[in-house]
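Here are some notes for a colleague who is opening this entry for the first time. Please read them with the structure on screen.

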Amino acid sequence: MLEESGSEGPVGIGSGIAAPDVGVLSAARADTPRPMMVLNGVSKSFGQMQALSQVDLEIYAGEVHVLLGENGAGKSTLIKTLAGIYAPDAGEILLDGNRLALGGPSDARRAGISVIHQELALVPHLTVEENIVLGREPRFLIPGSIDRRVQRETARRALELVGFDGDPRGKVANLTTARQQLVEIAKALAHRSRILVMDEPTASISERDATNLHAIIGDLKRRGVAIVFISHRMREVFELADRVTILRDGRKILTTLPDATTPELLIKAMVGRTVGSFYQRLERFVAGEVILETRALCSAAGLVDMNIVVRSGEVVGLAGLVGSGRTEFARAVFGLDRRTGGEVLLHQLPLPADPVRAVRSGIAFVPESRKEHGLALTKSVCDNLTLPALWKIFPHGFRSRRRAAGVARGLIERLRIATRSTRQPVRTLSGGNQQKVVIGKWLPIEGNRRLIIIDEPTRGIDVGAKAEILKLVEGLAAEGCGILMISSELPEVVGFCDRVYVLQSGTVRGELSGAHLTEEAIMKLAVHHDS
Amino acid sequence: MTETTEMSAIRTFRSDAGAPLDPELRSIIARFVVLAVLCAGVALLNENFLSVANFTNVLRQASLLFLIAAGATLVIIAGAIDLSVGAILTLSACVAAGVMHATGSSGLGIATALAIGISAGLANGILVAGLRLPPFLVTYGMLWILSGGALYYMGGIPITGFPREFRFLGSGFLLGIPVPILIMIAIALAGSVVLHMTTVGQQMVMMGANRAAATLAGIPVRRNLICVYVASGACAGLAAVVALGRVNSADPGMGDPLLLPSIAAILVGGTSLFGGTGTLLGTALGALLLTIVLNAMNLLTIGSAWQPFATGIVLVGAMLADAFLNRRRS
């Protein structure tokens with residue numbers, strides 16, 4: 001299966017000088033090994049956001065190279081660049097010393113690079129075998145037909161390499177996540193991949209499956225496959241990694257050997273101090289009465305015994321890695337996910353799991369993804385700005401366009417939303433202005449003891465709009481609203497929140513405030529120590 | 001909001017006065033113009049077109065198409081679809097015919113037709129909103145179930161001959177205007193008021209534009225879905241009454257030829273199949289446009305084999321024109 005890689009390399013060492021064809025590779029391996037893949041000054045930006053800047057990286061055959069970084073540090077952009085999904089704005093990627101032009105994911109696959117994303121890319125209703133050969137099915141005599149025998153054999157050999165013990169002719173949809181992962185790896189091997197990139201493969205599987213995966217990774221490594229691995233589990237990083245590279249704000253901070261460092265040093269390097277200005281709170285307010293209290297809240301989306309309190313005038317942060325349960329908590333409180341246990345109390349009264357009731361009780365929810373959950377993109381600024389408060393603006397159920405436009409104008413004015421008219425579709429606004437609409441639409445439901453839930457309020461918008469939005473949120477806290485802010489930007493969390501809950505695996509791992517509220521302290525609680 | 005902030009806001013947004021017309025209003029005007037040009041053209045080619053007899057006939061035909069499409073327009077605007085309207089009409093008409101045949105009561109007949117329409121709509125709504133099944137599948141399944149019900153109920157024998165006062169709703173005149181046209185105007189007005197002048201109507205539009213955003217804004221999405229399906233069923237029930245009164249006969253195939261033209265009328269009227277945009281006035285214009293094209297072909301003695309072809313041309317032409325106009329704007 002993997003005949004061309006690793007295992008037979010060292011044989012050629014002795015004859016290295018005589019036979020240049022084989023020798024270049026072999027000699028290099030013997031003395032100073034030459035990297036299989038080199039990234040030189042790779043940069044990528046999205047609009048005003050610089051996702052990667054000048055990243056250099058070397059990847060060797062037979063190594064496990066761990067990428068570490070906070071949410072938004074650029075790990076995902078980097079692996080999507082390797083996968084050919086994004087084309088870098090600047091810099092080059094070399095494979096075996098040759099410049100690689102990746103026009104798309106299929107080019108990367110042909111070059112021997114396979115990426116296993118967090119959301120697995122298998123076709124659920126096809127069988128395991130069919131998925132493994134997908135895209136390069138063996139032909140049987142005429143085009144369009146599939147040679148089932150060759151397909152079965154190819155799949156069998158690849159599945160053997162990863163120790164897959166399920167039914168190769170069963171549907172992928174019926175497999176556990178861990179087994180689906182194995183199928184993805186087998187698929188990569190069947191496509192003769194030499195570089196395997198895995199995005200947090202152990203985040204969503206059990207301890208036992210993770211141990212199994214580690215063994216397979218060790219095996220692949222011995223066969224000369226290069227493995228790029230993203231993980232937040234410190235113990236795993238130290239067990240598996242040959243080298244560790246830390247990214248922060250799209251830059252490579254350092255590459256180090258695990259033996260030469262400690263988890264504490266790595267965490268410090270991950271958070272660091274970010275350059276650039278971010279919004280500083282003008283003043284802090286005295287926390288008043290309790291607005292929201294959850295007692296042992298559990299949900300179908302994976303929350304376990306969440307106890308959280310938000311008081312009037314307080315900005316409470318929810319920190320944690322992606323998938324730690326931050327958004328899920330907000331959804332459970334708002335009534336979007338089924339609650340499976342515990343209580344949600346709003347102003348000391350039980351709050352039923354119903355978004356309609358939540359909005360009528362004064363809860364505002366500013367979701368993470370503006371385009372999917374926040375805005376009706378084709379509709380006007382006015383339509384969007386008046387949506388949650390229709391019942392408040394028109395208590396008798398009759399709507400007048402003039403009155404709606406009047407309310408919208410007031411909000412546009414107050415939030416300084418840059419739009420030509422109230423009738424402009426929100427699709428045409430900039431990201432920052434769209435975000436102002438997503439937040440602004442909750443303002444007409446007035447009240448000074450409201451709960452405002454804001455999920456990643458400053459993601460993907462420019463610095464100026466960021467400051468304006470945070471100032472607006474601070475103003476709501478000053479009026480006496482309780483703010484629950486979910487954010488992946490640690491400097492923002494530390495600088496803006498009065499108190500922070502750090503979540504991990506769907507539960508609260510710790511609560512930080514005052515002098516204890518630092519980026520290092522948050523990361524320490526957020527990453528898996530497995531102990 | 002105080003007087004001063006209102007004032008300053010208006011000053012900044014004086015541009016609203018000169019701002020582009022509402023896209024929905026623009027699309028209505030465009031359709032009106034096309035309709036006027038079409039009528040003028042046909043009238044020049046054939047003097048019978050504008051005769052009272054012919055024009056009343058056209059309007060009467062269009063009104064039936066509109067009635068069956070009116071409720072379904074709301075369903076599509078709210079982001080779902082109703083493929084069962086033709087079958088609802090069939091079952092409502094057949095059972096109502098049977099009831100009238102047995103009792104001789106027009107009132108009971110009308111009540112039966114409406115009750116069946118509303119119940120079928122409610123069933124659609126509960127399956128789609130309550131059990132979260134895909135609207136296409138639910139209403140397509142309902143189409144077969146209701147058609148099957150009508151076939152079983154009729155047992156292969158059509159029912160004909162209804163009380164005079166019942167037939168009034170389908171073929172009578174009031175102040176010289178055919179009653180179905182008055183019903184069409186009433187439904188179009190009432191529906192437009194709900195859609196454009198109530199908060200519920202606005203909620204329907206917005207949930208069609210983005211269901212997730214509407215849910216997060218506290219819009220009772222499921223309740224509204226049930227409402228639009230009930231409205232659609234009720235309209236189909238009403239259309240059944242009109243259709244029975246007009247043809248004076250019920251048979252289990254009467255709704256089938258209406259489903260696809262009704263969807264064509266909705267789409268020609270400028271309602272987006274993806275939800276979030278659309279008007280009842282547009283559907284009325286769409287129904288008129290399609291009916292007039294077919295009528296003109298009859299008058300100009302163009303073979304009836306060309307009629308589906310013409311419907312297709314009108315449909316694709318409307319889509320093309322909208323796409324072209326929207327692209328030029330942005």
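1. The model is predicted. Its features should be read with that in mind.

2. Helix H5 of chain A covers residues 148–161. At 1.5 Å a residue, its 14 residues should span 20 Å, and its end C-alpha atoms are 20 Å apart, so the two values agree.

3. Which residues of H5(A) are buried? They are Gln151(A), Thr154(A), Ala155(A), Ala158(A) and Leu159(A). Viewed down the axis of H5(A), these buried residues fall within an arc of 125 degrees, and therefore line one face of the helix. Arg149(A) and Glu160(A), on the other side of H5(A), are exposed.

4. The cover over the buried residues of H5(A) includes helix H4 (128–133), strand E8 (142–146) and helix H6 (177–190) of chain A. Just after H5(A) comes Gly163(A), with a positive phi of about 65 degrees.

5. Ala158(A) sits in helix H5 of chain A. It has 27 other C-beta atoms within 10 Å and is buried for that reason, the cut-off being 20 or more. Between the C-alpha atoms of Ala158(A) and Ser430(A) there are 48 Å, and the two residues are 272 apart along the chain.

6. Most residues other than glycine have a negative phi. Asp96(A) is not a glycine, yet has a positive phi of about 50 degrees. The loop that holds Asp96(A) runs between strand E4 (90–95) and strand E5 (98–99) of chain A. With 16 other C-beta atoms within 10 Å, Asp96(A) is partly exposed.

7. Ala296(A), also a residue other than glycine, has a positive phi near 50 degrees. This residue is placed in strand E13 of chain A, residues 290–299. Is Ala296(A) buried or exposed? Ala296(A) counts as exposed, because it has 12 C-beta neighbours inside 10 Å and the class takes in residues with 12 or fewer.

8. In chain B, helix H5 (residues 106–130) has 25 residues. From its first C-alpha to its last, H5(B) reaches 35 Å, close to the 36 Å expected at 1.5 Å a residue.

9. How do helices H3 and H11 of chain B pack, and at what angle? H3(B), residues 52–77, and H11(B), residues 221–247, have axes 7 Å apart and an angle of about 175 degrees. The two helices are therefore roughly antiparallel to each other. From H3(B), the residues in contact include Leu64(B), Leu67(B), Ile68(B) and Leu74(B); from H11(B), they include Val228(B), Tyr229(B), Cys235(B) and Leu238(B). By class, this contact of H3(B) with H11(B) has 17 nonpolar and three polar residues, with no charged ones.

10. The contact between the chains takes 30 residues from chain B and 32 residues from chain A. On the side of chain B that touches chain A, the elements giving two or more residues are helix H1 (3–12), helix H9 (199–209) and helix H10 (211–216) of chain B. That side of chain B is made up of 15 nonpolar, 12 polar and three charged residues.

How values were computed: Residues are numbered from 1 along each chain as its sequence is written. Chains are lettered from A and ligands numbered from 1 in the order in which they are written. This is a predicted model: local features need pLDDT of at least 70, side-chain atom pairs count only at pLDDT 80 or more; totals for chains, interfaces and linings use all residues. Axes are lines fitted to C-alpha atoms, for helices over the stretch in contact, and angles run from 0 to 180 degrees between N-to-C directions. Helices (H or I, at least four residues) and strands (E, at least two) are DSSP runs, numbered from the N terminus. Angles under 35 degrees count as roughly parallel, over 145 as roughly antiparallel, 65 to 115 as roughly perpendicular and the rest as oblique. Two residues are in contact if their C-beta atoms, placed from the backbone, lie within 7 Å. Ala, Val, Leu, Ile, Met, Phe, Trp, Tyr, Cys and Pro count as nonpolar, Asp, Glu, Lys and Arg as charged, and the others, Gly among them, as polar. The expected span of a helix is 1.5 Å times one less than its number of residues. The arc is that of the directions from the helix axis to the C-beta atoms.
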